[in-house]
Amino acid sequence: MIREPASKLGASTGALAEPPAGTAAGSSTQPLTHPLAHPLATPGDKNVQAAQLLNALPHPLLSVAGDGTILDVNPAAELFFAMSRNALRRIKFQELLPFASPMVSAIEQVRQRRAPINEYRVDLGTPKIGVERFVDIHIAPLPNLRDGVVIMLQERTIADKMDRQLTHRGAARSLSAMGAMMAHEIKNPLSGIRGAAQLLETAVGDEDRALCRLICDETDRIVDLVERMEAFSDGGRPVERGAVNIHEVLEHVRRVAQAGFARRIRFVESYDPSLPHVLANRDQLVQVFLNLVKNAAEAIGEDACDGEIELTTAFRPGVRIKSPGKASPVSLPLEFCVRDNGAGVPEDLMPHLFDPFVTTKSSGTGLGLALVAKIIGDHGGVIECESHARKTVFRILMPVYSRRDGAA
Ligand SMILES: Nc1ncnc2c1ncn2[C@@H]1O[C@H](COP(=O)(O)OP(=O)(O)OP(=O)(O)O)[C@@H](O)[C@H]1O
Ligand SMILES: [Mg+2]
(Lines give C-alpha, C1' and ligand atoms only; values in the text may rest on other atoms or scores of the structure.)
(Ligands and ions follow the chains in the order given, each with its own letter.)
Protein backbone atom coordinates (compact mmCIF):
# COMPACT_ATOMS: atom_id res chain seq x y z
CA MET A 1 0.00 0.00 0.00
CA ILE A 2 1.34 3.39 -0.92
CA ARG A 3 1.67 5.75 2.03
CA GLU A 4 1.40 9.46 1.39
CA PRO A 5 4.29 11.13 3.23
CA ALA A 6 3.10 13.62 5.81
CA SER A 7 5.26 16.35 4.29
CA LYS A 8 3.24 16.21 1.06
CA LEU A 9 0.08 16.75 3.01
CA GLY A 10 1.47 19.82 4.67
CA ALA A 11 2.33 21.28 1.29
CA SER A 12 -1.18 21.03 -0.11
CA THR A 13 -3.25 22.21 2.80
CA GLY A 14 -4.14 25.58 1.33
CA ALA A 15 -7.58 24.41 0.31
CA LEU A 16 -8.34 23.14 3.79
CA ALA A 17 -6.90 26.08 5.71
CA GLU A 18 -10.11 27.99 5.56
CA PRO A 19 -11.19 30.09 8.57
CA PRO A 20 -13.95 28.66 10.78
CA ALA A 21 -17.56 29.11 9.70
CA GLY A 22 -19.00 32.41 10.82
CA THR A 23 -15.81 34.47 10.42
CA ALA A 24 -15.45 37.18 7.79
CA ALA A 25 -14.28 34.91 5.01
CA GLY A 26 -16.48 32.06 6.27
CA SER A 27 -19.26 30.06 4.77
CA SER A 28 -22.00 32.68 4.28
CA THR A 29 -20.30 34.53 1.39
CA GLN A 30 -18.47 31.56 -0.04
CA PRO A 31 -19.97 29.97 -3.17
CA LEU A 32 -20.34 26.33 -2.12
CA THR A 33 -20.12 24.83 -5.56
CA HIS A 34 -17.16 22.79 -4.40
CA PRO A 35 -16.89 21.70 -0.79
CA LEU A 36 -13.19 22.34 -0.48
CA ALA A 37 -12.89 25.27 -2.84
CA HIS A 38 -10.74 27.99 -1.42
CA PRO A 39 -12.80 31.13 -0.74
CA LEU A 40 -10.51 33.25 -2.89
CA ALA A 41 -10.04 30.81 -5.70
CA THR A 42 -11.26 31.47 -9.22
CA PRO A 43 -11.86 28.62 -11.65
CA GLY A 44 -8.67 27.39 -13.22
CA ASP A 45 -6.35 28.86 -10.63
CA LYS A 46 -4.01 26.73 -8.51
CA ASN A 47 -6.23 26.64 -5.39
CA VAL A 48 -9.11 25.14 -7.29
CA GLN A 49 -6.85 22.44 -8.60
CA ALA A 50 -5.54 21.67 -5.11
CA ALA A 51 -9.12 21.52 -3.80
CA GLN A 52 -10.12 19.14 -6.56
CA LEU A 53 -7.16 16.92 -5.73
CA LEU A 54 -8.14 16.81 -2.07
CA ASN A 55 -11.74 16.08 -2.94
CA ALA A 56 -10.72 13.22 -5.18
CA LEU A 57 -8.54 11.69 -2.46
CA PRO A 58 -10.18 8.44 -1.28
CA HIS A 59 -8.80 8.96 2.25
CA PRO A 60 -10.62 11.03 4.89
CA LEU A 61 -9.00 14.44 5.35
CA LEU A 62 -9.87 17.06 8.02
CA SER A 63 -8.49 20.42 9.04
CA VAL A 64 -8.87 21.18 12.74
CA ALA A 65 -8.41 24.49 14.60
CA GLY A 66 -6.47 24.96 17.85
CA ASP A 67 -9.65 24.64 19.96
CA GLY A 68 -10.61 21.38 18.24
CA THR A 69 -13.24 22.91 15.91
CA ILE A 70 -13.39 21.10 12.59
CA LEU A 71 -12.70 23.66 9.86
CA ASP A 72 -13.23 21.58 6.78
CA VAL A 73 -13.41 18.01 5.53
CA ASN A 74 -13.29 16.22 2.19
CA PRO A 75 -16.09 13.89 0.96
CA ALA A 76 -14.15 10.78 2.10
CA ALA A 77 -14.26 12.12 5.69
CA GLU A 78 -18.01 12.68 5.42
CA LEU A 79 -18.37 9.05 4.37
CA PHE A 80 -16.02 7.74 7.06
CA PHE A 81 -17.72 9.55 9.95
CA ALA A 82 -21.20 9.15 8.42
CA MET A 83 -21.87 12.89 8.89
CA SER A 84 -22.32 15.77 6.47
CA ARG A 85 -19.68 18.47 6.09
CA ASN A 86 -21.97 21.02 7.73
CA ALA A 87 -22.67 18.77 10.70
CA LEU A 88 -18.96 18.02 11.12
CA ARG A 89 -18.10 21.74 11.09
CA ARG A 90 -20.41 22.29 14.05
CA ILE A 91 -18.57 19.91 16.39
CA LYS A 92 -15.14 19.45 17.94
CA PHE A 93 -12.89 16.77 16.51
CA GLN A 94 -12.59 15.09 19.93
CA GLU A 95 -16.32 14.32 19.82
CA LEU A 96 -15.68 11.92 16.93
CA LEU A 97 -13.07 9.91 18.80
CA PRO A 98 -13.51 6.89 21.06
CA PHE A 99 -12.80 7.38 24.77
CA ALA A 100 -9.09 7.94 25.61
CA SER A 101 -8.06 7.88 21.95
CA PRO A 102 -4.29 8.22 21.31
CA MET A 103 -5.23 10.72 18.57
CA VAL A 104 -5.67 13.47 21.17
CA SER A 105 -2.08 13.30 22.40
CA ALA A 106 -0.80 12.85 18.83
CA ILE A 107 -2.47 16.12 17.77
CA GLU A 108 -1.09 17.84 20.85
CA GLN A 109 2.42 16.69 19.94
CA VAL A 110 2.08 18.06 16.40
CA ARG A 111 0.98 21.43 17.82
CA GLN A 112 3.91 21.57 20.23
CA ARG A 113 6.62 20.33 17.87
CA ARG A 114 5.17 22.00 14.75
CA ALA A 115 6.17 18.89 12.84
CA PRO A 116 4.16 16.11 11.21
CA ILE A 117 3.72 12.70 12.83
CA ASN A 118 2.27 9.37 11.73
CA GLU A 119 0.62 6.73 13.89
CA TYR A 120 -0.25 3.26 12.71
CA ARG A 121 -3.10 0.89 13.52
CA VAL A 122 -5.15 3.27 15.64
CA ASP A 123 -8.71 2.14 16.40
CA LEU A 124 -11.21 4.94 15.68
CA GLY A 125 -14.20 2.62 16.09
CA THR A 126 -17.28 4.00 17.84
CA PRO A 127 -20.83 2.65 17.98
CA LYS A 128 -21.79 5.25 15.34
CA ILE A 129 -19.24 4.36 12.65
CA GLY A 130 -18.74 0.73 13.66
CA VAL A 131 -16.36 -1.14 15.89
CA GLU A 132 -12.75 -1.90 14.93
CA ARG A 133 -12.14 0.84 12.36
CA PHE A 134 -8.36 0.60 12.28
CA VAL A 135 -6.61 3.48 10.51
CA ASP A 136 -3.15 4.83 9.92
CA ILE A 137 -3.05 8.49 10.89
CA HIS A 138 -0.98 11.26 9.38
CA ILE A 139 -1.10 14.64 11.15
CA ALA A 140 0.66 17.81 10.04
CA PRO A 141 0.56 21.42 11.27
CA LEU A 142 -1.41 23.87 9.13
CA PRO A 143 1.04 26.49 7.91
CA ASN A 144 -1.34 29.47 8.03
CA LEU A 145 -3.27 28.80 11.20
CA ARG A 146 -1.77 28.84 14.69
CA ASP A 147 -2.32 25.44 16.37
CA GLY A 148 -4.32 24.26 13.37
CA VAL A 149 -3.61 20.76 12.04
CA VAL A 150 -4.54 18.72 9.01
CA ILE A 151 -5.33 15.05 9.58
CA MET A 152 -5.43 12.27 7.02
CA LEU A 153 -6.79 8.83 7.86
CA GLN A 154 -5.99 5.73 5.90
CA GLU A 155 -8.14 2.67 6.57
CA ARG A 156 -6.11 -0.45 7.21
CA THR A 157 -8.24 -3.17 5.71
CA ILE A 158 -6.25 -3.68 2.51
CA ALA A 159 -2.88 -3.58 4.28
CA ASP A 160 -4.20 -6.01 6.88
CA LYS A 161 -5.54 -8.28 4.22
CA MET A 162 -2.07 -8.48 2.76
CA ASP A 163 -0.36 -9.08 6.10
CA ARG A 164 -2.78 -11.76 7.15
CA GLN A 165 -2.88 -13.43 3.78
CA LEU A 166 0.90 -13.71 3.65
CA THR A 167 0.86 -15.33 7.09
CA HIS A 168 -1.75 -17.82 5.91
CA ARG A 169 0.43 -18.72 2.98
CA GLY A 170 3.27 -19.60 5.34
CA ALA A 171 0.98 -21.74 7.47
CA ALA A 172 -0.43 -23.46 4.42
CA ARG A 173 3.05 -24.21 3.03
CA SER A 174 4.23 -26.02 6.15
CA LEU A 175 0.91 -27.85 6.24
CA SER A 176 1.38 -28.89 2.65
CA ALA A 177 4.60 -30.79 3.42
CA MET A 178 3.08 -32.28 6.54
CA GLY A 179 -0.02 -33.36 4.62
CA ALA A 180 2.00 -35.29 2.07
CA MET A 181 4.06 -37.02 4.74
CA MET A 182 1.02 -37.92 6.87
CA ALA A 183 -0.95 -39.29 3.97
CA HIS A 184 1.92 -41.55 3.03
CA GLU A 185 2.74 -42.80 6.51
CA ILE A 186 -0.78 -43.25 7.84
CA LYS A 187 -2.98 -44.48 5.03
CA ASN A 188 -1.14 -47.73 4.34
CA PRO A 189 -1.14 -49.17 7.89
CA LEU A 190 -4.73 -47.95 8.30
CA SER A 191 -5.95 -50.01 5.40
CA GLY A 192 -4.23 -53.00 6.99
CA ILE A 193 -5.99 -52.37 10.30
CA ARG A 194 -9.36 -51.97 8.57
CA GLY A 195 -8.89 -55.15 6.55
CA ALA A 196 -7.98 -57.13 9.67
CA ALA A 197 -11.04 -55.79 11.53
CA GLN A 198 -13.28 -56.81 8.64
CA LEU A 199 -11.84 -60.34 8.67
CA LEU A 200 -12.37 -60.58 12.42
CA GLU A 201 -15.95 -59.38 12.04
CA THR A 202 -16.90 -62.58 10.24
CA ALA A 203 -15.35 -64.82 12.88
CA VAL A 204 -16.57 -63.33 16.18
CA GLY A 205 -19.81 -63.22 18.14
CA ASP A 206 -22.37 -60.38 18.08
CA GLU A 207 -20.87 -58.38 20.91
CA ASP A 208 -17.37 -58.36 19.46
CA ARG A 209 -18.76 -57.67 15.99
CA ALA A 210 -19.90 -54.27 17.24
CA LEU A 211 -16.33 -53.58 18.34
CA CYS A 212 -15.03 -54.57 14.89
CA ARG A 213 -17.51 -52.15 13.30
CA LEU A 214 -16.24 -49.47 15.65
CA ILE A 215 -12.66 -50.08 14.48
CA CYS A 216 -13.78 -49.87 10.82
CA ASP A 217 -15.78 -46.66 11.39
CA GLU A 218 -12.96 -44.98 13.25
CA THR A 219 -10.36 -45.95 10.65
CA ASP A 220 -12.70 -44.55 7.98
CA ARG A 221 -12.83 -41.31 9.92
CA ILE A 222 -9.02 -41.15 10.10
CA VAL A 223 -8.70 -41.90 6.38
CA ASP A 224 -11.17 -39.09 5.71
CA LEU A 225 -9.09 -36.70 7.82
CA VAL A 226 -5.87 -37.77 6.11
CA GLU A 227 -7.45 -37.25 2.70
CA ARG A 228 -8.41 -33.72 3.68
CA MET A 229 -4.81 -33.15 4.77
CA GLU A 230 -3.66 -34.53 1.44
CA ALA A 231 -5.58 -31.79 -0.32
CA PHE A 232 -2.95 -29.37 1.00
CA SER A 233 -0.11 -31.09 -0.75
CA ASP A 234 -0.39 -30.50 -4.44
CA GLY A 235 2.49 -32.94 -4.97
CA GLY A 236 4.11 -30.51 -7.40
CA ARG A 237 1.30 -31.16 -9.89
CA PRO A 238 0.32 -27.96 -11.66
CA VAL A 239 -3.38 -27.18 -11.23
CA GLU A 240 -5.10 -26.30 -14.47
CA ARG A 241 -6.61 -22.84 -14.52
CA GLY A 242 -8.74 -21.08 -17.05
CA ALA A 243 -11.69 -18.75 -17.44
CA VAL A 244 -14.30 -19.63 -14.82
CA ASN A 245 -17.79 -18.18 -14.62
CA ILE A 246 -18.12 -17.50 -10.90
CA HIS A 247 -21.91 -17.33 -11.06
CA GLU A 248 -22.06 -20.88 -12.40
CA VAL A 249 -19.81 -21.99 -9.50
CA LEU A 250 -21.94 -20.19 -6.88
CA GLU A 251 -25.15 -21.56 -8.40
CA HIS A 252 -23.73 -25.09 -8.22
CA VAL A 253 -22.65 -24.62 -4.60
CA ARG A 254 -26.06 -23.21 -3.66
CA ARG A 255 -27.85 -26.18 -5.21
CA VAL A 256 -25.61 -28.70 -3.42
CA ALA A 257 -26.06 -26.84 -0.12
CA GLN A 258 -29.82 -26.55 -0.42
CA ALA A 259 -30.16 -30.23 -1.25
CA GLY A 260 -28.35 -31.10 1.98
CA PHE A 261 -26.89 -29.21 4.90
CA ALA A 262 -28.55 -25.84 4.15
CA ARG A 263 -32.05 -27.14 3.46
CA ARG A 264 -33.77 -24.72 5.84
CA ILE A 265 -31.72 -21.66 4.94
CA ARG A 266 -32.80 -18.84 2.63
CA PHE A 267 -30.27 -17.86 -0.03
CA VAL A 268 -29.97 -14.34 -1.42
CA GLU A 269 -27.94 -13.81 -4.56
CA SER A 270 -26.68 -10.31 -5.37
CA TYR A 271 -24.65 -10.71 -8.51
CA ASP A 272 -23.07 -8.31 -10.94
CA PRO A 273 -24.11 -10.01 -14.20
CA SER A 274 -21.47 -8.17 -16.23
CA LEU A 275 -18.61 -9.56 -14.13
CA PRO A 276 -15.71 -10.87 -16.24
CA HIS A 277 -14.50 -14.45 -15.76
CA VAL A 278 -12.07 -15.27 -12.98
CA LEU A 279 -8.73 -16.97 -13.65
CA ALA A 280 -9.10 -20.13 -11.60
CA ASN A 281 -9.55 -23.87 -11.30
CA ARG A 282 -13.31 -24.49 -11.22
CA ASP A 283 -13.27 -27.53 -8.92
CA GLN A 284 -11.10 -25.76 -6.39
CA LEU A 285 -13.44 -22.75 -6.40
CA VAL A 286 -16.37 -25.09 -5.76
CA GLN A 287 -14.40 -26.52 -2.82
CA VAL A 288 -13.77 -23.00 -1.49
CA PHE A 289 -17.40 -21.87 -1.61
CA LEU A 290 -18.75 -25.18 -0.32
CA ASN A 291 -16.52 -24.80 2.75
CA LEU A 292 -17.60 -21.18 3.29
CA VAL A 293 -21.30 -21.91 2.79
CA LYS A 294 -21.10 -24.98 5.05
CA ASN A 295 -19.48 -22.91 7.79
CA ALA A 296 -22.16 -20.26 7.32
CA ALA A 297 -24.92 -22.87 7.61
CA GLU A 298 -23.30 -24.32 10.73
CA ALA A 299 -23.00 -20.85 12.28
CA ILE A 300 -26.70 -20.26 11.64
CA GLY A 301 -27.58 -23.60 13.24
CA GLU A 302 -30.30 -26.11 12.48
CA ASP A 303 -32.94 -24.58 14.74
CA ALA A 304 -32.85 -21.01 13.38
CA CYS A 305 -35.95 -20.14 11.36
CA ASP A 306 -34.64 -16.88 9.84
CA GLY A 307 -31.26 -18.18 8.62
CA GLU A 308 -29.99 -16.32 5.57
CA ILE A 309 -26.87 -16.69 3.45
CA GLU A 310 -26.07 -14.00 0.91
CA LEU A 311 -23.73 -14.60 -2.01
CA THR A 312 -22.48 -11.46 -3.72
CA THR A 313 -20.19 -10.66 -6.61
CA ALA A 314 -18.86 -7.23 -7.56
CA PHE A 315 -16.20 -5.51 -9.63
CA ARG A 316 -13.82 -3.39 -7.54
CA PRO A 317 -11.18 -1.81 -9.73
CA GLY A 318 -8.22 -0.29 -7.93
CA VAL A 319 -7.41 -3.15 -5.56
CA ARG A 320 -3.78 -4.02 -6.21
CA ILE A 321 -1.60 -6.22 -4.07
CA LYS A 322 2.13 -6.75 -4.08
CA SER A 323 2.81 -10.43 -3.62
CA PRO A 324 6.15 -12.11 -2.95
CA GLY A 325 8.03 -13.19 -6.05
CA LYS A 326 6.12 -10.81 -8.33
CA ALA A 327 7.82 -7.69 -9.61
CA SER A 328 4.72 -5.53 -9.92
CA PRO A 329 1.53 -5.42 -7.84
CA VAL A 330 -1.26 -7.72 -8.99
CA SER A 331 -4.72 -6.37 -9.66
CA LEU A 332 -7.53 -8.19 -7.83
CA PRO A 333 -10.73 -6.54 -9.04
CA LEU A 334 -13.15 -9.45 -8.57
CA GLU A 335 -14.87 -9.54 -5.19
CA PHE A 336 -16.92 -12.52 -4.02
CA CYS A 337 -18.59 -12.51 -0.60
CA VAL A 338 -20.39 -15.06 1.52
CA ARG A 339 -22.42 -13.41 4.28
CA ASP A 340 -24.46 -15.12 6.97
CA ASN A 341 -26.63 -13.99 9.87
CA GLY A 342 -25.34 -16.63 12.28
CA ALA A 343 -23.75 -16.21 15.69
CA GLY A 344 -20.48 -14.70 14.39
CA VAL A 345 -16.87 -15.81 14.79
CA PRO A 346 -15.72 -15.78 18.44
CA GLU A 347 -13.46 -12.75 18.88
CA ASP A 348 -10.49 -14.71 20.24
CA LEU A 349 -10.57 -16.95 17.16
CA MET A 350 -10.22 -14.11 14.64
CA PRO A 351 -6.40 -13.83 14.57
CA HIS A 352 -6.09 -17.60 13.99
CA LEU A 353 -9.15 -18.16 11.86
CA PHE A 354 -7.29 -19.38 8.78
CA ASP A 355 -4.77 -21.51 10.68
CA PRO A 356 -5.12 -25.28 10.41
CA PHE A 357 -6.78 -27.26 13.23
CA VAL A 358 -8.58 -24.20 14.63
CA THR A 359 -12.14 -25.28 15.39
CA THR A 360 -14.93 -24.68 17.88
CA LYS A 361 -16.96 -27.67 16.67
CA SER A 362 -16.94 -31.00 18.46
CA SER A 363 -16.65 -32.91 15.18
CA GLY A 364 -14.76 -30.26 13.16
CA THR A 365 -11.23 -30.75 11.85
CA GLY A 366 -10.46 -27.04 11.59
CA LEU A 367 -9.08 -27.65 8.10
CA GLY A 368 -11.87 -26.03 6.09
CA LEU A 369 -10.72 -22.43 6.23
CA ALA A 370 -7.02 -23.36 6.09
CA LEU A 371 -7.74 -25.13 2.80
CA VAL A 372 -9.80 -22.18 1.55
CA ALA A 373 -6.92 -19.79 2.36
CA LYS A 374 -4.41 -22.06 0.63
CA ILE A 375 -6.47 -22.37 -2.56
CA ILE A 376 -7.16 -18.64 -2.72
CA GLY A 377 -3.48 -17.88 -2.00
CA ASP A 378 -2.37 -20.32 -4.74
CA HIS A 379 -4.62 -18.42 -7.13
CA GLY A 380 -2.91 -15.15 -6.18
CA GLY A 381 -6.03 -13.90 -4.40
CA VAL A 382 -6.75 -12.87 -0.82
CA ILE A 383 -9.46 -13.70 1.68
CA GLU A 384 -10.51 -11.80 4.77
CA CYS A 385 -13.25 -12.07 7.33
CA GLU A 386 -15.26 -9.46 9.18
CA SER A 387 -17.58 -10.73 11.83
CA HIS A 388 -20.21 -9.35 14.19
CA ALA A 389 -23.18 -11.11 15.69
CA ARG A 390 -25.66 -11.81 12.88
CA LYS A 391 -23.31 -10.46 10.24
CA THR A 392 -20.26 -12.47 9.21
CA VAL A 393 -18.71 -11.78 5.84
CA PHE A 394 -15.96 -13.77 4.14
CA ARG A 395 -14.61 -11.60 1.30
CA ILE A 396 -12.44 -13.00 -1.48
CA LEU A 397 -10.53 -10.87 -3.99
CA MET A 398 -9.33 -12.59 -7.14
CA PRO A 399 -7.57 -11.76 -10.42
CA VAL A 400 -9.57 -11.47 -13.62
CA TYR A 401 -9.05 -13.83 -16.57
CA SER A 402 -7.45 -12.24 -19.61
CA ARG A 403 -6.67 -13.66 -23.05
CA ARG A 404 -3.01 -13.79 -22.19
CA ASP A 405 -3.82 -16.27 -19.39
CA GLY A 406 -5.55 -18.50 -21.92
CA ALA A 407 -2.46 -18.61 -24.08
CA ALA A 408 -0.25 -19.53 -21.11
N1 LIG B 1 -19.41 -18.19 9.06
C2 LIG B 1 -18.91 -18.42 10.27
N3 LIG B 1 -19.52 -17.92 11.39
C4 LIG B 1 -19.02 -18.14 12.62
N5 LIG B 1 -17.89 -18.85 12.86
C6 LIG B 1 -17.24 -19.36 11.81
C7 LIG B 1 -17.70 -19.18 10.46
N8 LIG B 1 -16.83 -19.80 9.64
C9 LIG B 1 -15.89 -20.35 10.42
N10 LIG B 1 -16.13 -20.12 11.72
C11 LIG B 1 -15.30 -20.52 12.88
O12 LIG B 1 -14.05 -20.90 12.39
C13 LIG B 1 -13.71 -22.22 12.82
C14 LIG B 1 -12.83 -22.86 11.78
O15 LIG B 1 -13.56 -23.14 10.60
P16 LIG B 1 -13.07 -24.30 9.63
O17 LIG B 1 -13.99 -24.38 8.47
O18 LIG B 1 -11.62 -24.11 9.35
O19 LIG B 1 -13.17 -25.60 10.53
P20 LIG B 1 -14.49 -26.29 11.07
O21 LIG B 1 -15.69 -25.82 10.31
O22 LIG B 1 -14.52 -26.13 12.55
O23 LIG B 1 -14.22 -27.81 10.75
P24 LIG B 1 -14.46 -28.55 9.33
O25 LIG B 1 -14.35 -27.50 8.27
O26 LIG B 1 -13.41 -29.56 9.30
O27 LIG B 1 -15.82 -29.13 9.42
C28 LIG B 1 -15.05 -22.89 13.05
O29 LIG B 1 -14.95 -23.95 13.99
C30 LIG B 1 -15.91 -21.73 13.58
O31 LIG B 1 -15.71 -21.55 14.96
MG1 LIG C 1 -15.66 -25.77 8.17
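User: What are the ground rules here?
Analyst: This is a predicted model, where local features need pLDDT of at least 70, side-chain atom pairs count only at pLDDT 80 or more, and totals for chains, interfaces and linings use all residues. Residues are numbered from 1 along each chain as its sequence is written, with chains lettered from A and ligands numbered from 1 in the order in which they are written.

User: How many helices and strands in the chain?
Analyst: Eleven helices and 14 strands. Both are DSSP runs numbered from the N terminus: helices are H or I with at least four residues, strands E with at least two.

User: What share of the chain's residues is buried?
Analyst: 29% of the 408 residues. Buried means 20 or more other C-beta atoms within 10 Å of the residue's own, exposed means 12 or fewer, and partly exposed is in between; C-beta atoms are placed from the backbone.

User: Ligand 1 next. Which residues come nearest?
Analyst: N295, A299, T359, G364 and G368, out of 22 around ligand 1. To count as near, a residue needs its C-beta atom, placed from the backbone, within 6 Å.

User: Which element gives the most to that shell?
Analyst: α9, with four residues. Both α9 (282-300) and α10 (368-378) give two or more.

User: How does the shell divide by residue type?
Analyst: Nine nonpolar, eleven polar and two charged. Ala, Val, Leu, Ile, Met, Phe, Trp, Tyr, Cys and Pro count as nonpolar, Asp, Glu, Lys and Arg as charged, and the others, Gly among them, as polar.

User: And the largest nonpolar core, which residues have the most contacts inside it?
Analyst: F289, V293 and V372, in a core of 43 residues. α9 gives the most to this core too, with nine residues. A nonpolar core is a set of buried Ala, Val, Leu, Ile, Met, Phe, Trp, Tyr and Cys residues joined through C-beta atoms within 7 Å.

User: What does V293 touch, sequence neighbours aside?
Analyst: Beyond four places in sequence, V293 is in contact with V253, A257, A262, I309 and V338. Contact means C-beta atoms, placed from the backbone, within 7 Å.

User: Switching to α5. Which of its residues are buried?
Analyst: M103, I107 and V110. They fall within an arc of 55° seen down the axis, so they line one face of α5. The arc is that of the directions from the helix axis to the C-beta atoms.

User: What do they pack against?
Analyst: β3 (117-123), β4 (134-141) and β5 (149-155).

User: And which exposed residues sit on the face turned away?
Analyst: S105, E108, Q112 and R113.

How values were computed. Contact = placed C-beta atoms within 7 Å.
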